[in-house]
Amino acid sequence: MALKDLQNGSDIRGIAIETEKHDVTLTDEHVSAIAIGFAAWLRDVKKTGEQATVAIGHDSRLSAERVKDVLVASLTRSGIDVVDVGLATTPAMFMATQYEDYQCDAAIMITASHLPYFYNGLKLFTRDGGAEHEDIDYIMEHADAVFVASVAGSVTHKRLLETYAADLVGKIRAGINDEVRYEEPLDGSHIVVDAGNGAGGFFATEVLAKLGADITGSQFLDPDGNFPNHIPNPDNNEAMASLKEAVLSNKADLGVIFDTDVDRAAIVNRDGESLNRNPLIAVISAIILDEHPGTTIVTDSTTSTHLEDFIEALGGKQHRFKRGYRNVINEAIRLNEAGTQSEIAIEVSGHAALRENYFLDDGAYLIAKILMRYAKLRKEGKDLADLTQSLKVPADNDEIRLSILASNFKSYGLAALEDFKEFVAKTDGLELEPVNQEGVRVNTSGAFGNGWFLLRMSLHEPVMPVNLESDEVGGVDKIKAVLQEFFGGYAEIDSASLQKISQ
């Protein structure tokens, strides 16, 4: 595999452990080359000079130490001082560039998020935020710009996760501002955490427990890169079911789940109902709109029409944009620069970035923000569910993936989408959504029932994902039938998944 093939948008990902089916692609040579390109990018683009300081941390993946050792050797050879922080989260790594006790020029997080154990990768930060796609391009293009400093960089060790946890505790205390129990404002609350054996276990012991919460029943807190219990992913049904069981069996007030590197999160309430995807966006939107009336909530393209109605009823505005967490974050930043207030960017996957928190997609901070409101609701005899009572839930929904078999899959898929627009215009009960930033979004009525669906091209794969919702039981299958009629004319698109009846 070529070095460039490891680029995944604004991240770097590859196979880090050999398996029966996979060869290693994130090799020592590739990691060293990336470190060389990173050093060149810091010197020449970010203008840090030769004496930059870079923090390096990792989640619980089994290959983390190997990757870290190569990074450290290559960076110090380039004259860069390294702060080895060990186990960390992606958001904490960015904060290493902000905390006064660290003052790092840049940070590298070794993670592949929720991907299987044999993957690993890199997320890169400077004080300005996460690296963009074009930054990774530069790094890859300068991976041969070897620079050997006259004086090698040093290596020091710090416990960043302790600093980060203490920072969260302080922010939650200040946000709740309980006059009676300022130090332990969550006393009397029973909250379980499911860390999925990733890096998020600290949130139970070093944040919630310090705030007075009962964390009995919290599970999979110990880091284990084999991920023996379930995929650490809030967008995974098995993971959410595991958290639901923990909440109900322990009679907890709340359940919290993180992905491996803690840049995403979701919640289960005391009744076992999942507050992820659209309901999670509704919860944080209600909180943000109370604090910032009229603000614009930037989401990805797959959010529900009901969510838009919910946000507008609260006096806000929803701005649907392209999938990809960097896309929604950058769009929120762009809106603010253009004079439109936007306090949050959030994807249905659980990536949420608040303006007050550097527009950093931080799952732990998202939960911290929700807990600030949760504590106040409890004093009023209410719960988080009271924030979203008016959010309508579709009677039927599904998400499927249509494989594109053509070698030139992007052009083939885009051409099919253009043809589909003409098909929609000729079909009763289908109407194009006039305000749409990605793919083809269609509102349904009449024989199809009230609903919507979105066809779009995947960001990186030869796949056309389809999201469908209907307020009528069986409505999704009616939509699938008309999609099957259309795609039946495309030999290079596998539409077999459209024939499956929704459960």
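A: Let us begin with a term: a pocket is an open set of grid points with protein on both sides within 12 Å along at least five of seven lines, and its volume is the space filled by probe spheres set on the points. Please keep in mind throughout that this is a predicted model. With that in hand, the second largest pocket holds about 310 Å³ of space, and of the 15 residues that line this pocket, the closest to its centre are Leu-414, Glu-438, Gly-439, Met-457 and Ser-458.

Q: Which helix gives the most to the lining of the second largest pocket, and how do the residues of that lining divide?
A: Helix 12, which covers residues 409-425, gives the most, with five residues. By class, the lining of the second largest pocket divides into five nonpolar, four polar and six charged residues.

Q: How many cavities does a search of the whole structure find?
A: The general idea is that rolling a probe the size of a water molecule over the atoms shows where empty space is left. In a cavity the probe fits but cannot get out, and here the search finds four cavities of 30 Å³ or more. The largest cavity has a volume of about 90 Å³, and among the residues that line the largest cavity are Ser-10, Thr-90, Lys-123, Asp-263, Tyr-325 and Asp-361. The lining of the largest cavity divides into four nonpolar, three polar and five charged residues.

Q: Where is the place of Asp-263, and is Asp-263 buried or exposed?
A: Asp-263 sits in the loop between strand 10 (254-258) and strand 11 (265-269). A residue is called buried when its relative accessible area is under 20%, so Asp-263, at 1%, counts as buried. Leaving aside neighbours within four places in sequence, the contacts of Asp-263 include Thr-90, Lys-123, His-351 and Asp-361.

Q: Which residues line the second largest cavity?
A: The second largest cavity, with about 40 Å³ of space, is lined by residues including Met-95, Tyr-99, Tyr-164, Leu-168, Asn-357 and Tyr-365. Helix 5, residues 160-176, gives the most to this lining, with four residues, and by class the lining has six nonpolar, one polar and three charged residues.

Q: Which residues touch the most other members of the largest nonpolar core?
A: In soluble globular proteins, nonpolar side chains tend to be buried together. In this model the largest nonpolar core has 75 residues, of which Leu-186, Phe-203 and Leu-384 touch the most other members. Helix 11 (residues 363-379) supplies the largest share of this core, 11 residues. A second, separate core of 33 residues includes Ile-108, Leu-122, Ile-139 and Ala-143. Returning to Phe-203, its contacts beyond four places in sequence include Leu-168, Val-193, Phe-258 and Ile-367.

Q: How many bridges join strand 20 to strand 21?
A: In a regular strand the side chains alternate between the two faces of the sheet. Strand 20 (residues 440-444) is mostly covered, with four of its five residues buried. Five bridges join strand 20 to strand 21 (residues 451-455), and the two run antiparallel; the bridge partner of Asn-443 in strand 21 is Trp-452. Strand 20 and strand 21 form a hairpin with six residues between them, and Gly-446 in the turn has a positive phi of about 60°. Strand 19 (residues 430-432) is also antiparallel to strand 20, joined by three bridges, and Leu-430 has Thr-444 of strand 20 as its bridge partner.

Note on methods. Residues are numbered from 1 along each chain as its sequence is written. This is a predicted model: local features need pLDDT of at least 70, side-chain atom pairs count only at pLDDT 80 or more; totals for chains, interfaces and linings use all residues. Side-chain values use heavy atoms; hydrogens and water are left out. On a 1 Å grid over the protein atoms alone, a cavity is a set of points where a 1.4 Å probe fits but cannot get out, and a pocket is an open set with protein on both sides within 12 Å along at least five of seven lines; lining residues have an atom within 4 Å of a point. Ala, Val, Leu, Ile, Met, Phe, Trp, Tyr, Cys and Pro count as nonpolar, Asp, Glu, Lys and Arg as charged, and the others, Gly among them, as polar. Buried means under 20% relative accessible area, exposed over 50%, partly exposed in between (1.4 Å probe, protein chains only). Contact means heavy atoms within 4.5 Å. Two strands pair if DSSP finds at least two bridges between them. A nonpolar core is a set of buried Ala, Val, Leu, Ile, Met, Phe, Trp, Tyr and Cys residues joined through side-chain atoms within 4.5 Å.
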